[in-house]
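Here is a short briefing on a two-chain model. Take a look at the sequence and the structure first, then read on.

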Amino acid sequence: MELHCLKDSFERVKKKRKVSYSKTHEVTELIVQEIEMVQSSTLEYKSKLAELKKKLQEVAPLSQLEGTQKKLNIALSKYPKALEKVLNPDISKAYRNVEFDSRVVNQLIASHFYRQWLFDVGDCFIVEAQDVDAAATMKSLFQELYQMLEVMKCWDLEPALKWAAANSNKLKENGSDLQLILHRLQFLKILKKGSRDEALKYARTNFVSFAGNHMAKIQNLMGCLLYPDRLHDSPYAHLLSLTNWDTVTEELTRQFCNLLGQSYESPLSVTIAAGIQALLPLLKFMTVMAGKKHEWQSMKQLPVPVDLGKEFQFHSIFVCPVSKEQSTDDNPPMLMSCGHVLCKQSINKMSNNGSKSFKCPYCPTDINSKHCRQLIF
Amino acid sequence: MEIDPLPNGTGSADTTSTETTITKTATTAASNTALSSNPSQLTESLKLEHQFLRVPFEHLKKTIRANHRTAEKEVSAVVSSFADVTDSNGLSNDDAVLSLTSLVSRLQGLKRKLDEGNRTENLQAQRCRVRLDHLESTDAEYLSVWNNVRLKRILVDYMLRMSYYDTAMKLAQSSNIEELVDIEVFQEAKKVIDALRNQDVGPALAWCADNKSRLKKSKSKFEFQLRLQEFIELVRAENYMRAILYARRYLAPWGATNLKELQQVMTTLAFRSNTECAKYKVLFDPKQWDFLVDQFKQEFYGLYGMTPEPLLNICLQAGLSALKTPYCYEDDCTKEDPLSQDNFRKLAMPLPYSKQHHSKLVCYITKELMDTENPPQVLPNGYVYSTKALKEMAEKNNGKITCPRTGLVCNYSELVKAYIS
């Protein structure tokens, strides 16, 4: 990206603008001075006036302004051209004319605001956009999480611990050790305050129920009791790292969303991020296909493959390396005896509907189609 | 999920309240880790930011042009009135002094205006510069923050275009991104749109006059459409004589290029506003005003180098299409997929499916991509999971594997590797 050449181009605009301004200023000043000189001398008024007139003609203020303005205009027309060259001037070229229901879009946005804890903005939006009240339920859902995280910023774990205790069965089902890591933070907090007895008491009441699955971790924590005053230069110093708090925050958020049946990331963020990745290949395609807009409007599948990052892969997609088609229920992926995988239709074709064996396209193995197994991803 | 960071620096987790200051603007690594695509991809995506840089520049250009016009006008006015003073012979000394004094004060006024204009221009140039700098500030470290701001910018753009000004303002202020969004520019549009909604074409016509040369360049018919509407309103009010005078004055000049529309609208003089003739009835429809609002928006976007559609819609459409697979509409679609939600499904309905040239397999258990590092393995029943997930399961259960979808139990040694290209 040639951002620097945009910068240079813009600096030229700035410079020329300054020159143009000071020139106008200067010219005005000059005229004022000339007139004031005439005013100050009351003698021979007429001849002075004539002299002034001549001078003004010499100064030719308008043509002076014209010169600098012309240079400024050149700079002003060059910058947008540079913008159009370096950046994509119209990303709406990748837009199909499919009308979105703005009510649905507004609901997505309102939910997004509440998910991101922009409660004020969300409330304001609901009033302004109307008819999106359904999204307000998101607000009450996420308020609890927000409050828990708010107080965690002040190192207060009580609400989070309470929530985790109330949902401990579900958390265990999901294989989350959230409760334990919350207790661990609390335990260390007490220990750091220097009260070993209290910490021990806390450990006794709270760690027992985790002994079954997390013995090693608990042993580790009990070791801390040996260093109540100098934990930071003990073998357990890493337990004090602030990243532990980040981890807990993330895990709490993840589990909270999970129990609500919500995704961890805001779905709107995910979609827009995917869209930004997808726009570039789509725009490239549109420039190649310029003029064939009609086809684009009626297609069932995007004309170009769009490779999104792995964070956007939510489903297993199998593309047969022979036919290049995506597998379907009728045309499932089949595992051949050599371990390579093709679609059923390709195997049928190559084996002449199972009547003969064939060579795997990837290795020298002879394949008998009867020994192929269907895969489920 | 946006999460405010825990304060760092002081390496302790004390409860003392002095350490609890939290900065609102920064977001930690805990937020959006998954969504922060790699830096090179981000640099590529900067190519989509044309509007972001163009709009403040067009704004600046407009201000420069307007300021220059006033300066030029004033200077030439002064020069010519000075010529008047010197040329009139009968002028007494006193009168001459008087008119010279008024010229001077006029010039002083111009100087004040110039300074004021210079200040606004400076501010606007500053804004252009801030945006260039913002595009450069895409450090890997703050990628998630940057992405977050981008989403907010896109949302503010949507709010402004949909006339949700309060929300736009609130979002921009609470996120501290006022310099990065175009609220000021849209104030201009708001005036015109509000008036049009009240069936007042005045501000719209003034706007047309302001941007006459540029509208002419793009062969815009917007002014003509405004005039037609005013004419229609006169006919509606049965003010026929005034309507005819109005037409002579304001519609006739467009005759050369838009004769057909002109004739059609003149015919309403015969049909009146309560006509049932479909061709003319539509002209009296109050919806025509909404049409004018839309028309204005398009002209306005064009002038400022904005996309004709909100950025949000463009990105949303591309994103939904890229994410859309036949599997998204199945009941067991993972909730991390936006297309598991009804509202997203509804929007994606008319859009095409994504296209893949290569297989992409996601492990059912870990939700991670299966590749050569973490290859897929096949259970005797044909179900496929990632090596990582199966290994972990086997380690915990003495080499036994339980298929989470069918309950089948087998030995780790019974698994077969699948090679997917």
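Where is the place of A:D133 in chain A? A:D133 sits in the loop between α5 (119-129) and α6 (136-152) of chain A. This is a predicted model, in which local features need pLDDT of at least 70 and side-chain atom pairs count only at pLDDT 80 or more, while totals for chains, interfaces and linings use all residues. Residues are numbered from 1 along each chain as its sequence is written, and chains are lettered from A and ligands numbered from 1 in the order in which they are written.

**Confidence**

- pLDDT is the predictor's confidence in each residue, from 0 to 100.
- Chain A has a mean pLDDT of 86, and 96% of its residues reach 70 or more.
- Among the elements of chain A, β1(A) has the highest mean pLDDT, 94.
- The lowest mean, 64, belongs to helix α14 (residues 293-298) of chain A.
- Helices (H or I, at least four residues) and strands (E, at least two) are DSSP runs, numbered from the N terminus.

**Interface between the chains**

- In chain B, 121 residues are in contact with 119 residues of chain A.
- Contact means that the C-beta atoms of two residues, placed from the backbone, lie within 7 Å.
- Helix α3 (residues 93-136) of chain B gives the largest share of the side that touches chain A, with 18 residues.
- That side of chain B holds 62 nonpolar, 36 polar and 23 charged residues.
- Here Ala, Val, Leu, Ile, Met, Phe, Trp, Tyr, Cys and Pro count as nonpolar, Asp, Glu, Lys and Arg as charged, and the others, Gly among them, as polar.

**Domains and annotations**

- Domain bounds come from an automatic or database domain assignment.
- Chain A divides into domain 1 (3-87), domain 2 (106-260) and domain 3 (313-377).
- The C-alpha centres of domain 2 and domain 3 of chain A are 47 Å apart.
- Chain B divides into domain 1 (47-184), domain 2 (186-304), domain 3 (321-348) and domain 4 (361-417).
- In chain B, 44 Å separate the C-alpha centres of domain 2 and domain 3.
- UniProt, in an unreviewed entry, annotates residues 142-198 of chain A as "domain: CTLH".
- UniProt positions are given in the numbering used here, feature names are shortened, and annotations may be inferred rather than shown by experiment.
- Residues 142-198 of chain A are 77% helix and 0% strand, with end C-alpha atoms 34 Å apart.
- For residues 333-406 of chain B, UniProt lists "domain: RING-Gid-type" (unreviewed entry).
- UniProt also lists "zinc finger region: RING-Gid-type" (unreviewed entry) for residues 333-406 of chain B.
- Residues 333-406 of chain B are 23% helix and 18% strand, and their end C-alpha atoms are 18 Å apart.

**A sheet in chain A**

- Three strands of chain A form an open sheet in the order β2-β1-β5, with antiparallel pairing.
- β2 (341-343) and β5 (373-374) of chain A are at the edges with a single partner strand each, so one side of each has no neighbour in the sheet.
- Strands pair if DSSP finds at least two bridges between them.
- Strand β1 (residues 333-335) of chain A is joined to β5(A) by two bridges.
- A:M334 has A:Q374 as its bridge partner in β5(A).

**Selected residues**

- A residue is buried if 20 or more other C-beta atoms lie within 10 Å of its own, exposed if 12 or fewer, and partly exposed in between, with C-beta atoms placed from the backbone.
- A:D133 counts as exposed, because it has 11 C-beta neighbours inside 10 Å.
- A:D133 and A:L178 are 45 residues apart along the chain, and their C-alpha atoms are separated by 33 Å.
- A:S9 lies in helix α1 (residues 3-40) of chain A.
- A:S9 counts as partly exposed, because it has 19 C-beta neighbours inside 10 Å.
- Leaving aside neighbours within four places in sequence, A:S9 is in contact with A:K78, A:Y79 and A:A82.
- A:S9 and A:K78 are 69 residues apart in sequence, yet 7.3 Å apart in space, C-alpha to C-alpha.
- A:W155 lies in the loop between α6 and α7 (158-166) of chain A.
- A:W155 is not a glycine, but its phi is positive, about 65°.
- A:W155 counts as buried, because it has 20 C-beta neighbours inside 10 Å.
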